[in-house]
Amino acid sequence: MTLAARLDGWWRTPAPAKRLAVLRLLVGGFGVGYVALRAPNFVSYASFDDSQFAPVGLATLLDGPLPGVVLRLLVAATLVAGVAFLAGWRFRVSGPAFAVLLLALMTYRNAWGQVFHTENILVLHVLVLGFSPAADSLSLDSRGREDPGDEARYGWPVRLMCIITVLTYFIAGETKLRVAGLDWITSDSLRNFVAYDNLRKVELGDTHSALGGLLVGHPWLFPPLAVLTLAVELGAPLALLGGRIARVWALLAWGFHVGVLAVMAIIFPYPLLGIAFAPFFAVERLPLRLPARLARRLAPGWAARLR
Amino acid sequence: MTFERLWSYGLGAALIVALLLPLAGDPRADSFPFSTYPMFSGRQSPEATIPHAVVIDADGERSALPPVAVANDEVIQAFETLRQAVRQGPDATARLCARAADWYAGGHEGQARVEIVSDTFNAVAYFDGEKQPVSTEVHASCEVPR
């Protein structure tokens, strides 16, 4: 077999339609919930001074900040499209619509001097799902249709979602080495970052990590923590080998976020809830009994597919 | 080559290239959603300058205003908003001061003054009990409207 054929086989490994659909439910569910809960925060940017507008990405196409009513409409439209995406209703339209609207909204919220880095993987995962056949199963659109089973067209989107997750962590690690070199491990930088981040939270009246404040008094802890951090980030591409290696890496990366929460009180909700790593798992095997009972009441034809 | 196969390679290549492109540029130049993730990547010294909005009441009691007074409920956004205003100069800090004063007036009575200040600390020593700033700079001061 040629190298091109092997790569094609790897890229287009068949996967169950149900796996891509469950990813749609997990990612879409998080996306809709996130936008709904954070809507007041997103709308608050309408009250910011125009001089604070610092566009990034697609927002650089704007002449200036959006009028408040347009921002509210953007939030509302994103929610409506998100619900349709989640339900898998008119997915040929709602899939791309939610992907583009979510990208627009998240880009806008990152366009005020602070790029947050908490929504990058979510937005990119939704882009992949929105432009793939993620509603061919477990959706309103697929009611009455036989489940398609395993096909390559359901496999490559999952592969791409894995690649997005892996590259995100790898790039973060690469940037640390590119900016600071091995000093990032051997110097007090990580310790000073932990102290600095907790200090600004204290001084600005936010929740900080008491554990982080305690640990900065023990400088010897930080070089090993720095090594662990870089091992998880730079080791991410190993997860593309799949199987147990992928699952171990996903667990380590999730553990990294638990550590960041414990030491710096920084929440990355999408990875912390495990959804950023869901593409590495056979999520169609998740226990779906509770959603199945609910679905039997709402859409009996659809519920049969959840067994 | 079917359309579906073409689409899989096209979308895949486009996203992967877009993800990797930032590696070719300045690692500190950030964007969304394609980023170098430069947070916590530099060489950080223990010295930390923290801008705040503080309110001084009629008794001279000084307390920090919450993030929502200058921005929204996100502390990092408030921090960056304050830093941005300080960078932009006196007009920007004066406007931010006025915004914080208006916010304070909406929920409090009595005479008070708001200041936009930057306190510089040794962040590591701070958690060892040295909580007083090593230096303070006032960028703007404004009365709370009554």
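A:H117 counts as buried because its relative accessibility is 9%, below the 20% limit. This is a predicted model. Chain A and chain B bury about 6,300 Å² between them.

**The loop between α4 and α5 of chain A**

- A:H117 is found in the loop between α4 and α5 of chain A.
- The phi angle of A:H117 is near 70°. That is a positive value in a residue other than glycine.
- A:Q114 is found in the loop between α4 and α5 of chain A.
- A:Q114 counts as buried because its relative accessibility is 15%.
- Setting aside neighbours within four places in sequence, A:Q114 is in contact with A:R109 in chain A. Its partners in chain B are B:I76, B:Q77 and B:E80.

**Where chain A meets chain B**

- The contact draws 70 residues from chain A and 62 residues from chain B.
- Of the area buried between the two chains, 63% is on carbon and sulfur atoms.
- Between chain A and chain B, 36 residue pairs are in polar contact, both residues being at pLDDT 80 or more.
- Several helices of chain A give two or more residues to the side that touches chain B, among them α1 (3-11), α2 (17-44), α4 (91-109) and α5 (120-130). The list also includes α6 (152-180), α7 (183-186) and α8 (189-203) of chain A.
- α6(A) gives the most to this side of chain A, with 15 residues.
- By class, the side of chain A that touches chain B has 34 nonpolar, 20 polar and 16 charged residues.

**Salt bridges between the chains**

- The count between chain A and chain B is 7 salt bridges.
- A:R38 and B:E74 form a salt bridge through their side chains, at 2.9 Å from N to O.
- A network of salt bridges links A:R38, A:R109, A:E119, B:D73 and B:E74.
- A:D8 forms a salt bridge with B:R5. The closest N and O atoms of A:D8 and B:R5 are 2.6 Å apart.
- This second pair also crosses between chains, from helix α1 of chain A, which holds A:D8, to helix α1 of chain B, which holds B:R5.
- B:R5 counts as partly exposed because its relative accessibility is 26%.

**A salt bridge inside chain A**

- A:K201 forms a salt bridge with A:D197, and their closest N and O atoms are 2.4 Å apart.
- A:K201 and A:D197 are 4 residues apart in helix α8 of chain A, so about one helical turn separates them.
- A:K201 counts as buried, with 3% relative accessibility.
- A:D197 counts as buried too, at 1% relative accessibility.
- Side chains of opposite charge can pair when their charged atoms come close.

**Other residues of chain A**

- A:L138 lies in the loop between α5 and β2 (150-151) of chain A.
- The phi angle of A:L138 is near 50°, a positive value in a residue other than glycine.
- A:L138 counts as buried because its relative accessibility is 0%.
- A:V263 is in helix α11 (residues 243-264) of chain A.
- A:V263 counts as buried, at 14% relative accessibility.
- Not counting residues up to four places away in sequence, A:V263 touches A:V194, A:N198, A:S209, A:L211, A:G212 and A:L215.
- A:V263 and A:H208 are 55 residues apart along the chain, and 8.6 Å separate their C-alpha atoms.
- A:A4 is in helix α1 of chain A. A:A4 is exposed because its relative accessible area is 55%.
- A:A4 and A:F116 are 112 residues apart along the chain, with 38 Å between their C-alpha atoms.

**Layout of chain B**

- The domain assignment of chain B gives domain 1 (1-42) and domain 2 (47-143).
- The centres of domain 1 and domain 2 of chain B, taken over C-alpha atoms, are separated by 38 Å.
- The peptide bond from B:F32 to B:P33 is cis, with omega near 0°.
- B:P33 is found in the loop between α1 (3-20) and β1 (47-57) of chain B.

How values were computed: Residues numbered from 1 in each chain as written. Chains lettered and ligands numbered in written order. Heavy atoms only, no water. Contact = heavy atoms within 4.5 Å. Buried area = accessible area lost by both parts, 1.4 Å probe. Salt bridge = Lys/Arg side-chain N within 4 Å of Asp/Glu carboxyl O. Polar contact = N/O pair within 3.5 Å; in protein donor to acceptor, adjacent residues only side chain to side chain. Nonpolar A, V, L, I, M, F, W, Y, C, P; charged D, E, K, R; others polar. Domains from an automatic or database assignment. Buried < 20%, exposed > 50% of the residue type's maximum accessible area, 1.4 Å probe, protein only.
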